[in-house]
Amino acid sequence: MEIVAHGLWAAAAAITAKRSTSARIHVGWAVWWTAFPDVLAFGPSVAIGLWLRLAGGNSGSAAIPRVHIGLPLYPAGHSLIVFLAVFGIVSILARRIVLEMLGWLLHILIDIPTHSLDYYATRFLWPVSDFRVDGIAWWTPWFWAATYGALGVTYFWLWRKGWMASGRVSSMVTGAREQVPERSSIL
Ligand SMILES: [Zn+2]
């Protein structure tokens, strides 16, 4: 799936978890961790390409040179095994379960059925196995439309529940709602 939809799903999941449980979850960090597999996969080569472009001056072409680093960054970021190892290490170092990192897990779980074998099918058991699923490619027009339709429904539901407002604003909103019956009873 593309990074915008990934970010929106992770934010929706983090907001729901934060509002329906007592867990302390930072929505911004959940969005960062859900973007992480693709940032890891494409960020370094884009950054080096950009740097070469700037350092090389104006060589005529406006395109950023494509750089192949030669590291298996894409499969590493999209592997459940790598995720579990890093999640475990970070949680031990942080001395708490870093719930925001579940955004990374969500990215992998979404990518498994939303890539077809022709393009970046998710090797979620890398490096142990190259097993992959021939899913529905997320860029298939009807599937892409359905994704954003589902996101629209999800965010409408979050908004209806009053979960979209920031903590302070939402307590003002619920406070205001609580005042309504009182006022109407006075009238
Ligand atoms: Zn991905």
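**Reading the model step by step**

A: Let's begin with a pair of helices: the axes of α1 and helix α6 (residues 141-160) come within 11 Å and cross at roughly 30 degrees. Keep in mind that this is a predicted model.

Q: How do I read that angle: what are α1 and α6 to each other?

A: Angles under 35 degrees count as roughly parallel. The crossing here is roughly 30 degrees, so α1 and α6 are roughly parallel to each other. As for handedness, α1 passes α6 in a left-handed crossing.

Q: Which residues make the contact between α1 and α6?

A: On the α1 side, look for Ala5, Leu8, Ala12 and Ile15. Facing them from α6 are Thr147, Leu151, Thr154, Tyr155 and Leu158.

Q: Zooming out, how many helices and strands does the protein chain have?

A: Count 7 helices and 0 strands. Read from the N terminus, the elements go α-α-α-α-α-α-α. For contacts with a separation of 6 or more, 52% are between residues 24 or more positions apart.

Q: What should I look for in the largest nonpolar core?

A: Ask who is in it and where they come from. The largest one has 14 residues, and Ala10, Ala11, Ala14 and Ala30 have the most contacts inside it. Two or more residues come from each of α1 (3-20), α2 (27-55), α4 (80-94) and α5 (102-111). Of these, α1 gives the most, with 5 residues.

Q: Which residues is alanine 30 in contact with, leaving aside its neighbours within four places in sequence?

A: You'll find Ala10, Ala11 and Ala14 there, along with Ile25, Glu100 and Gly103.

Q: How much of the chain is buried?

A: Of its 187 residues, 17% count as buried.

Q: Can we try one residue? Where does alanine 121 lie, and why does it count as partly exposed?

A: Alanine 121 sits in the loop between α5 and α6. A buried residue needs 20 or more neighbours; alanine 121 has 19 C-beta neighbours inside 10 Å, so it counts as partly exposed. Beyond four places in sequence, its contacts are His115, Ser116, Arg132, Val133 and Asp134. Take arginine 132: 11 residues away from alanine 121 in sequence, yet 6.2 Å away in space, C-alpha to C-alpha.

Q: What is the mean pLDDT of the protein chain?

A: The mean is 88, and 86% of the residues reach 70 or more.

How values were computed: Residues are numbered from 1 along each chain as its sequence is written. This is a predicted model: local features need pLDDT of at least 70, side-chain atom pairs count only at pLDDT 80 or more; totals for chains, interfaces and linings use all residues. pLDDT is the predictor's confidence in each residue, from 0 to 100. A nonpolar core is a set of buried Ala, Val, Leu, Ile, Met, Phe, Trp, Tyr and Cys residues joined through C-beta atoms within 7 Å. A residue is buried if 20 or more other C-beta atoms lie within 10 Å of its own, exposed if 12 or fewer, and partly exposed in between; C-beta atoms are placed from the backbone. Helices (H or I, at least four residues) and strands (E, at least two) are DSSP runs, numbered from the N terminus. Two residues are in contact if their C-beta atoms, placed from the backbone, lie within 7 Å. Axes are lines fitted to C-alpha atoms, for helices over the stretch in contact, and angles run from 0 to 180 degrees between N-to-C directions. Angles under 35 degrees count as roughly parallel, over 145 as roughly antiparallel, 65 to 115 as roughly perpendicular and the rest as oblique. A crossing is left-handed if the near helix is turned anticlockwise from the far one by less than a right angle, and right-handed if clockwise.
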